Amino acid sequence: MVTAMTTEHTADRHDLIRVHGARVNNLKDVSVELPKRRLTVFTGVSGSGKSSLVFGTIAAESRRLIDETYSTFVQGFMPSLPRPEVDVLEGLTTAILVDQERMGANPRSTLGTVTDANAMLRQLFSRLGEPHIGGPTAFSFNIPTTKVGGASVTESGKKNVIKQQTYLGGMCPTCEGRGTTSELDLSVIVDESRSLEDGAILVPGYTADGWMVAPYKEVVPPDVPVSTFTAAQREDLLYAEPRKVKVDKINISFEGLIPKIRKSMFSKDPESLQPHVKAFVERAAVFGTCPSCAGSRLNDSARSSTIGGRDIGQVSAMQVTDLAGWLRGIDAPSVAPLVQALLHLLDSLVEIGLGYLSLDRPSSTLSGGEAQRTKMVRHLGSALTDVTYVFDEPTIGLHPHDIQRMNQLLLELRDKGNTVLVVEHKPESIAIADHVVDLGPAAGSDGGEIVFEGDVEGLRRSGTLTGRHLDDRASLKPTVRERIGVLEVRGADRHNLRDVDVDVPLGVLTVVTGVAGSGKSSLIHGYVAGRDGVVSVDQSAIKGSRRSNPATYTGLLEPVRKAFAKANGVKPALFSANSEGACPACKGAGVIITELGFMDTVSTPCEECDGKRFQAAVLDLRLGGLNIAEVLDLPVTQAHAFFADGDARTPAAASILARLEDVGLGYLRLGQPLNTLSGGERQRVRLAMNLGDQGGIYVLDEPTTGLHLADVENLLGMLDRIVDSGKTVIVIEHHQAVMAHADWIIDLGPGAGHDGGTVVFEGTPAELVAARSTLTGEHLAAYVG
């Protein structure tokens with residue numbers, strides 16, 4: 001009889017990820033050993049170095065090593081990844097990043113296309129749909145129906161002539177698969193009281209004496225008001241078919257203004273346009289549901305084939321929970337495996353708390369949290385194990401009720417044999433960790449060290465900032481502010497809202513709560529945010545190049561440049577790294593980018609300016625003892641003190657810096673590239689900018705995103721200061737500390753999707769806790785204890 005050997009195999013000993021001497025960004029020679037096949041949570045204040053360690057070191061090196069396994073030819077098409085600044089990295093496994101970035105801005109991308117549910121539905125309809133109209137492409141709103149003709153030669157030399165053969169696609173020809181069409185408001189595009197020479201065309205970029213307008217001047221009279229044009233001239237200006245015209249003896253393509261700007265501006269996703277073009281498009285376009293396909297994106301042929309009386313458009317528009325129920329009613333052995341695979345995907349979406357969405361929901365409209373959970377669904381069904389999954393605050397956008405579900409999913413991923421690394425601030429998620437790494441002690445240059453490593457109980461006793469605040473509980477306010485009026489919302493029915501009537505109080509802090517998908521964003525962004533005097537601050541990405549930084553984005557650089565110019569008797573343009581003051585070698589970028597053909601692109605600090613971005617002569621000019629590069633290297637707190645008084649006193653700069661400090665960004669360096677900021681930091685930079693606006697009502701969308709427990713108190717103090725200055729603040733939020741601090745709560749629900757969309761509670765936090773009539777009430781009552 002053979003007995004099983006119990007001695008450990010050498011291969012099983014590699015159960016740690018070892019990091020030694022990490023110096024990425026603000027990390028100070030960090031060394032850490034992380035257990036594999038366990039759940040490790042990284043904590044610490046914003047800017048303490050969590051992302052630098054997890055994303056910038058561990059995940060970046062894993063990805064770089066995987067990229068090196070591809071052929072040199074393939075690597076030539078991939079982005080270059082330098083090795084992170086670290087002495088030793090051992091025990092890495094394949095890292096899969098599941099981040100908060102919003103999904104692509106392609107107007108044809110939907111929840112169904114990004115999860116591959118649409119591909120399975122198309123297969124299903126091509127096999128079971130009655131009448132049968134063709135293969136899966138006949139049901140795709142991304143593929144147009146095309147007619148082709150031509151000749152092909154067979155192997156035997158016989159010539160086959162194809163005459164007008166039709167290839168079926170499912171795309172609606174009117175809206176080109178977008179589901180919406182835009183009617184244009186001509187008064188915003190053309191000022192009919194002016195002539196072309198006087199600037200009758202109001203489209204951005206179409207200046208009266210520019211090349212864009214020149215062809216029109218050759219076709220219609222340039223010097224008389226557009227209102228005096230004949231019908232034919234007006235038709236030519238606005239709707240002419242494409243043709244060539246001569247301008248200064250050069251042949252130029254000419255096309256009516258409306259079809260031309262439809263192609264160049266209105267067919268693109270508004271989010272991808274430059275801000276001034278986007279503003280014009282929003283003014284000029286009145287978007288409506290496509291009249292031909294009623295918003296389904298599909299042509300008549302695709303909608304004619306049905307299963308059980310429903311076409312593929314109607315099925316895609318069903319809420320995921322209902323769609324799963326409908327699928328369970330399909331009893332056809334020929335497609336049983338396909339139905340099972342689709343049901344597994346839909347059940348995962350329900351389990352993760354996204355059952356309220358429909359497959360036709362445009363992916364660009366998903367919130368950061370919804371996008372992250374959608375990506376998570378792809379990995380839950382994966383056959384891979386021994387993978388490192390890296391999550392960036394997976395609880396963002398989740399109601400306390402949904403956080404329990406998310407925790408369950410993280411544990412499921414771990415129990416499949418994976419290493420799960422989570423960057424997180426919520427105590428509910430820190431509580432389930434097998435291992436905790438706390439970074440600090442503070443942010444920026446005062447962070448970058450490991451202040452605690454161990455289990456959750458050890459963190460509680462550790463005395464670190466996170467440990468001290470882990471059991472923080474807010475108490476309800478003894479008195480709440482009185483409203484000074486109301487903002488009426490009547491008959492709100494956008495998305496899942498059910499004819500909601502609600503009065504939003506003015507002059508107080510109102511918190512709008514409810515589970516994810518209950519209708520909070522639809523109500524506030526749909527019916528409050530667009531009104532006059534309302535300033536809306538959201539989480540979307542800040543558009544900017546590697547040259548953009550907090551100083552350029554907030555407009556701080558403008559008064560700073562003028563102050564430098566005045567002190568030195570020169571012109572302000574010298575103090576811009578994008579203008580006359582730029583270092584000639586790196587053109588003001590601070591780095592030299594070297595393209596090495598098929599090899600990695602390398603960026604190295606510019607030797608001429610030593611990465612300072614300015615000419616040597618400019619760096620000799622000083623204000624208050626510092627040159628412009630030294631000023632841009634200051635953290636916000638120091639810069640505020642520098643510009644507040646003394647030789648460098650600049651009130652305009654000091655007031656912007658005070659607002660940045662108010663929102664908890666005192667550690668940010670003025671010249672730090674914008675693309676290195678987290679989602680929460682981006683929102684707080686935006687908030688700082690908007691604090692100076694003249695609007696009387698502020699709408700904030702989850703301002704606690706990315707905030708450490710200790711910083712939530714500062715945020716509440718800032719919200720109080722805004723309200724006490726006579727403004728109204730409306731916050732969409734899941735954090736119980738913010739709810740407890742509110743003067744008034746509007747709770748939506750009771751569930752998500754078509755189980756939500758009604759106001760289930762209006763009143764003070766104390767009344768909500770006393771009633772315990774809603775999910776929010778129960779969780780808030782437990783929180784304030």
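**Exercise 1. Find the strand partners of strand 1.**

Strand 1 and strand 4 (residues 88–90) pair antiparallel over three bridges. Pairing here requires at least two DSSP bridges between the strands. Strands are DSSP E runs of at least two residues, and helices are H or I runs of at least four, both numbered from the N terminus. Across this pair, Arg18 stands opposite Glu90. Next, take the other partner. Five bridges join strand 1 (residues 16–22) to strand 2 (residues 30–35), also antiparallel. There, Leu16 has Pro35 as its bridge partner.

The model is predicted: local features need pLDDT of at least 70, side-chain atom pairs count only at pLDDT 80 or more, and totals for chains, interfaces and linings use all residues. Numbering starts from 1 along each chain as its sequence is written, and side-chain values use heavy atoms, without hydrogens or water.

**Exercise 2. Describe the interface of domain 1 and domain 2.**

Start with the bounds, which come from an automatic or database assignment. Domain 1 is 11–102 + 366–470; domain 2 is 111–149 + 159–173 + 293–352. Their C-alpha centres lie 38 Å apart. Now count contacts (heavy atoms within 4.5 Å). Ten residues of domain 1 touch ten of domain 2. Then take the buried area, the accessible area (1.4 Å probe) lost by both parts on being put together, summed over both. The total is about 860 Å², with 68% from carbon and sulfur atoms. On the domain 1 side, Thr374, Val377 and Arg405 lose the most, together 47% of what that side buries.

Terms used:
Buried area = accessible area lost by both parts, 1.4 Å probe.
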